[in-house]
Amino acid sequence: MPLIRPTEGLQIDGFTLGPLLHRGGFATVWEVTHPDHALPMILKVPTILDGDDGPTIVGFEVEQMIMPRLTGPHVPKVIAVGDFAVMPYLVTERIAGASLLALFGTAPLPVPQVVDWAARIASALHALHRQHVIHLDLKPDNILTRADGTIVFIDFGLSRHDRLPDLLAEEFSIPMGTFPYIAPEQYLRRRDDLRSDVFALGAMIYELATGKLPFGKPERLKQVRRRLWRRPVPPRKLNPEIPEWLQEVILRALEVDPAKRYQSAAQLLFDLQHPVQVEITERGRRTETDSTLALFRRWRKMRRVRGFAPPPGLPAQIDKAPILMVAVDLSPETEGLADRLLMSVQRMLVIQPDARVACVNVIKTARLGIDQVVDDAGNHIHVSRLVGLRTWAAGLDLTEERVTFSVLENPDPGTAILDYAAHNHVDHILMGARGHSTTRRFLGSVSSRVVAEAPCSVTVIRLPQLEDPTEA
Amino acid sequence: MRLALMTDIHANREALEAVLSDAGRRDIDKFAILGDLVGYGPDPEWCVSRVQALVGAGAVCVQGNHDAAVSDPSVSLNGVARKALDWTRQRLDAAQTSFLAALPLTQTLGDVLLVHASANDPAGWIYVTSASRAMPSFRVCDARLIFCGHVHRPQLLTCDARGDVRDHNVPMGAPIPLLRSRRWLAVLGAVGQPRDGSPAAGYAVLDTATNDLTFRRVSYDVATTARKLRAAGLPEPLAERLLAGK
């Protein structure tokens, strides 16, 4: 058992403890310095009580296991891990900004701000899921921001790493999490579904948009159970400024059955970034709280539910719902190529039936000077391209919610495609490549640049070469 | 130090070769063999001499129930195992038989204890298949890490500071940090006769510098081993079991 307790001025493994910054239920957080590390740092020590301190210790062990394995801007960098035999601790970089608690205190926020925060959190969450980690305790207190606004998640004491033993799996008889944000399946003891984080994200967006918690502030476990049948008050009833599409996004993230939610944070993000194309269902249009009868019916259906269909493995869950971006060239001379591209997308949808397809066309704008908005015949170029994209995609036979259309404007088509892919967490780009011309070989083609620089897989479609390729 | 841990080779030459070749590419400093070199499989003499060579080069090895049964008829075995062992005895020479008979039941390497079945009753050949079966192993010794075999299915258990023993999921192929806040017992999957639904040979690598353990699976030519089993006239269920990994 630990021999040393933390105090200001304590020296351990070269670190010197500064003032106490925070005393939480399970741990204390201290400012700390080290001659070898210029970076501002904090040291977290679990509160070891003399009695039964099981939960504290296991949560801390989970953090010690998971945090050193995480990388990237959305998690604090781990500097050192302390030995349990002397004093268990975790030294991480100190994130300058405060938690989002204060921001949430100012909710409801104006809709554009809600969308901006939601998108940033969703993007960071997807980056975390890609590292095989489900947070399982997302709430405003556990989200910080760096000086530049980057979202940082903290407190991984309840998290689950897909490739590590889950020390918490058998540990407690009661569900773990924070009551206002905990997902129904998490309440039913599931700890392996990333869609639980999507639910918590939904609850936070609800809060930002309405200033209220979707399920109130339950204090007892029994009250948490009610979210299996009781639906939150429609956000638009609380704040009429919320558009239907945003209510659709929020309530879809808060669906009771994880199978009906967004299947990944990236898919939720995608809808936030394409509001016009969110398919609005009854969820988005709902204006009234459930009647007693409706509530009774759902209670009767849900009261005996002990669990939902298990999720596929975490990597499979992320791969299962990929975003497929198709860059379509609509010029008349590449019609054959566009047809071939369509065939390739169709084939890909057979093996990935849950994929979402983002159809993109780029209008190459002039670097300088005023661009033409209408073509010679007087048609609006942007609109006509959108119509062209829709016509092209009609052959895919996808429902509205699974396909989106974007016309991008950029002097450099390669840059436009790459930016769109990065911004939307695209998993796979499909695009056509025109034939081989001397100029193309000399200047480099759009497709070769996309292949070289894309943050994801790229498939380049070509028309079969004729025996004697002569360039037009 | 990087220690390759292997158990339950069961005279399966193809599986042992595949594991050694995989380990050969992973900077292994030392080998540990947790018993049951023979029994069930068609290549006992080759496997014993290969392990003898490893031991000659610094490997540690403990005795399993099948190894003990070669010269001790009182060790109880089921019908199929008994038949295979009667066949095995005739294949081994005197030096190999005495090598197996002389193997120790446990070995210690620093804070690591190696045993074929259980630490609490090494010669009782108990199957550590649950937290309650693992608890006595933690109680009888103070080793931080206990490695065993015998079950043919990988398993990972821990004993925390309060003495509570828990059973955990076993992630394959990724390093597992063996936190010093608790003690760990890993049941390794079998090299030569896996029973967890995958026919691939199992072993594990312990890195004492980074303090992590990686469970590994290596595919090998199961069909050849099954053919040899049948050609030797060994009981058919042994071949079927290898092909199915059950």
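1. Salt bridge between the chains. In this predicted model, the side chain of B:R182 forms a salt bridge with that of A:E61, with an N to O distance of 2.6 Å. The count of salt bridges between chain A and chain B is one.

2. Polar contacts. Four residue pairs are in polar contact across the interface of chain A and chain B, with both residues of each pair at pLDDT 80 or more.

3. The chain A side. Helix α1 of chain A, residues 54-66, supplies the largest share of the side that touches chain B, namely five residues. By residue class, this side of chain A holds nine charged, seven nonpolar and two polar residues.

4. Extent of the interface. Chain A contributes 18 residues to the contact and chain B contributes 19 residues. Between them the two chains bury about 1600 Å², and 54% of this lies on carbon and sulfur atoms.

5. Over all chains, a search of the whole structure gives zero disulfides. In chain A, A:C456 is in no disulfide, and the nearest cysteine sulfur belongs to A:C359, 15 Å away. A pair would have to lie within 2.5 Å to count as a disulfide. A:C456 has a relative accessible area of 17% and is buried, since the cut-off for that class is under 20%.

6. A cysteine in chain B. B:C47 is likewise in no disulfide; the sulfur of B:C61 is the nearest cysteine sulfur, at 12 Å. B:C47 counts as buried, at 0% relative accessibility.

How values were computed:
Residues are numbered from 1 along each chain as its sequence is written. Chains are lettered from A and ligands numbered from 1 in the order in which they are written. This is a predicted model: local features need pLDDT of at least 70, side-chain atom pairs count only at pLDDT 80 or more; totals for chains, interfaces and linings use all residues. Side-chain values use heavy atoms; hydrogens and water are left out. Contact means heavy atoms within 4.5 Å. Buried area is the accessible area (1.4 Å probe) that two parts lose on being put together, summed over both. A salt bridge is a side-chain nitrogen of Lys or Arg within 4 Å of a carboxyl oxygen of Asp or Glu. A polar contact is a pair of N or O atoms within 3.5 Å; within protein, one must be able to donate a hydrogen and the other to accept it, and residues adjacent in sequence count only if both atoms are side-chain atoms. Helices (H or I, at least four residues) and strands (E, at least two) are DSSP runs, numbered from the N terminus. Ala, Val, Leu, Ile, Met, Phe, Trp, Tyr, Cys and Pro count as nonpolar, Asp, Glu, Lys and Arg as charged, and the others, Gly among them, as polar. Buried means under 20% relative accessible area, exposed over 50%, partly exposed in between (1.4 Å probe, protein chains only).
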